[in-house]
Amino acid sequence: MDLATSPLVSPTNTKSSTSPRLPRRRSWQARYANLLTILDSLVVVLAVFVTQFLWLGPAPASVGGAPIDYTTASILLSAGWLAALTLWGTRLPRVVGQGIAEHRLVIAASFQLFGLVAIAAYLAEIDLSRGYFLLSLPLGTLTLLVARTAARRWLVARRRKGDMSARVVLVGSADENARVSAEIMRQPGVGLTVVGLHQVDSDDGTTWTDAHARTLQRRLDALDADSVLITGGGQLDAQDIRRIGWGLEPGRQHLIVAVNLTDVAGPRIHTRPVAGLPLVHVETPQYSTRQRVLKRAFDIVASLFLLVALSPLLLVLGALVRLSGPGPVFYRQERVGQGGTRFGMFKFRSMFDGADARLSELLSAQGRDGSPLFKIENDPRITPIGRVLRRYSLDEIPQLFNVLAGQMSLVGPRPQREAEVAFYDDDARRRLIVRPGMSGLWQVSGRSTLPWQEAIRLDLFYVENWSLIGDIVILVRTVKAVVAPGDTAH
């Protein structure tokens, strides 16, 4: 077995093997956990005591059936709430910075605590004010989620600068190392910083030896790395991986094993040990009746609300489009929807009348006639008002009628023309499993600047890992992209 090492940092950033070992991973996690503890404490105490003040007034009142007043009850409730957040593991290293997983634990801890308090109050015949009890729960939980989101954004910003991340050395074949390194570097905010590569080749049939272990440990010390990431099992067997783990310093250095899976969301992955084998179960993507009903109900309620709320804006934009030149206010274009069905997608007209007749000519002139995305750079067919509409995605608002009619969803892969769908391979056709959307993961991740393959990858990730919470997150990111479109909007 040949073990080749390659640092991904400059020599000035490395430390010699004689340097004292710094508990880097433990220290940043401890600091971040302390920050979350302070945030949680402020949020919980404010939520409980503000609710008490608003509902019961400034004067302490006695709790019916209990020898305490509401100030004491608020102190006990705040302490119990903070304890629940700790016991439910909302600040553990494997959870922090994970977004939805972290939020789910916060919600579970909060609602289960209040359930226990309600049961205890009922059994002990304690008459807690219902308004005080029921108002503090949603107020505190919502504020906790907002505070955790703000903290996570700060953490991701620090991670993009290379701070507050696990410093990992990849161990595996050249191909395996390259694959995993590319995935990690594509998302610098995930909390892993690749500082070295260890290429392992086992053509000679030898196994992991003490010499290999010493070489790896020297590299870990020199690079101040705190984790070893096994990038695949092609060159290392189970015993080799165990020996690598035995050679790491407990509590400071960690072993991570990459599974040859990409673009699979966490809720679909479950690990279960069977006969000593750590089996990874990956659920097949499926859409239950409950999920379909929930998504459709959300689309109907949200689209109706938006149509009513945006009706004055619709009238103003319609008038501006009418004044922009001859042609209809609304533009109806045939697109391919769920299951390959065709439907007419509505938009405010943003081009001069008869613009479709020039599409082939302009695509050929720009050398894009063989591209699966029919996008024209500096399109001369767009009206002045149309450029504004497109930049802020205001031309898409009439698609709320398509959502209400069941032809589209608020979130999903963007519907494309039949000529564009003709470029689909078998993988890309999986986009047609769900209803197309007004916005999607592709649009909020780069819009027009993303290459075709990356756009397809994001759409397939959405199709196979759909969740209602994920839709809400995409809609929030859509609002941000519309308000501040940047240079990616065309």
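Select Phe 114 to begin: Phe 114 is buried, at a relative accessible area of 2% (buried means under 20% relative accessible area, exposed over 50%, and partly exposed in between, with a 1.4 Å probe and protein chains only). This is a predicted model, in which local features need pLDDT of at least 70 and side-chain atom pairs count only at pLDDT 80 or more, while totals for chains, interfaces and linings use all residues. Residues are numbered from 1 along each chain as its sequence is written, and side-chain values use heavy atoms, leaving out hydrogens and water.

**Stop one: aromatic rings**

The structure holds three aromatic pairs. Rings of Phe, Tyr and Trp (its six-membered ring) pair if their centres lie within 6.5 Å, and planes under 30 degrees apart count as stacked, over 60 as edge-to-face and the rest as tilted. The ring centres of Trp 81 and Phe 114 are 5.0 Å apart and their planes stand at 75°, so this pair is edge-to-face. Trp 81 sits in helix H2 (residues 70-87) and Phe 114 in helix H3 (residues 100-123), so the pair links distant parts of the chain, 33 residues apart. Helices (H or I, at least four residues) and strands (E, at least two) are DSSP runs, numbered from the N terminus.

Now select Phe 330 and Phe 348. Their ring centres are 5.3 Å apart and their planes at 15°, so this pair is stacked. Phe 330 belongs to strand S8 (residues 330-336) and Phe 348 to strand S9 (residues 342-348), so the pair ties together parts 18 residues apart in sequence. Which of the two is buried? Phe 348 is, with a relative accessible area of 2%, whereas Phe 330 is partly exposed at 42%.

Move on to helix H8 (residues 289-309) and helix H9 (residues 311-323), whose axes come within 4 Å and cross at roughly 60°. That makes H8 oblique to H9. Axes are lines fitted to C-alpha atoms, for helices over the stretch in contact, and angles run from 0 to 180 degrees between N-to-C directions; under 35 degrees counts as roughly parallel, over 145 as roughly antiparallel, 65 to 115 as roughly perpendicular and the rest as oblique. Show side chains here: Leu 307, Val 308 and Ala 309 of H8 meet Ser 311, Pro 312 and Leu 314 of H9, where contact means heavy atoms within 4.5 Å.

**Stop three: Thr 478 and Ser 439**

Select Thr 478 in helix H15 (residues 468-483). At 18% relative accessibility, Thr 478 counts as buried. Its side chain makes a polar contact with the side chain of Ser 439 at 2.7 Å (a polar contact is a pair of N or O atoms within 3.5 Å; within protein, one must be able to donate a hydrogen and the other to accept it, and residues adjacent in sequence count only if both atoms are side-chain atoms). Ser 439 lies in strand S11 (residues 437-439) and is buried at 6% relative accessibility. Leaving aside neighbours within four places in sequence, Ser 439 is in contact with residues including Leu 410, Gly 412 and Ile 474.

**Last stop: a loop**

Finish at Met 164, in the loop between helix H4 (130-160) and strand S2 (166-172). Met 164 has a positive phi of about 55° although it is not a glycine, and Met 164 is buried at 3% relative accessibility.
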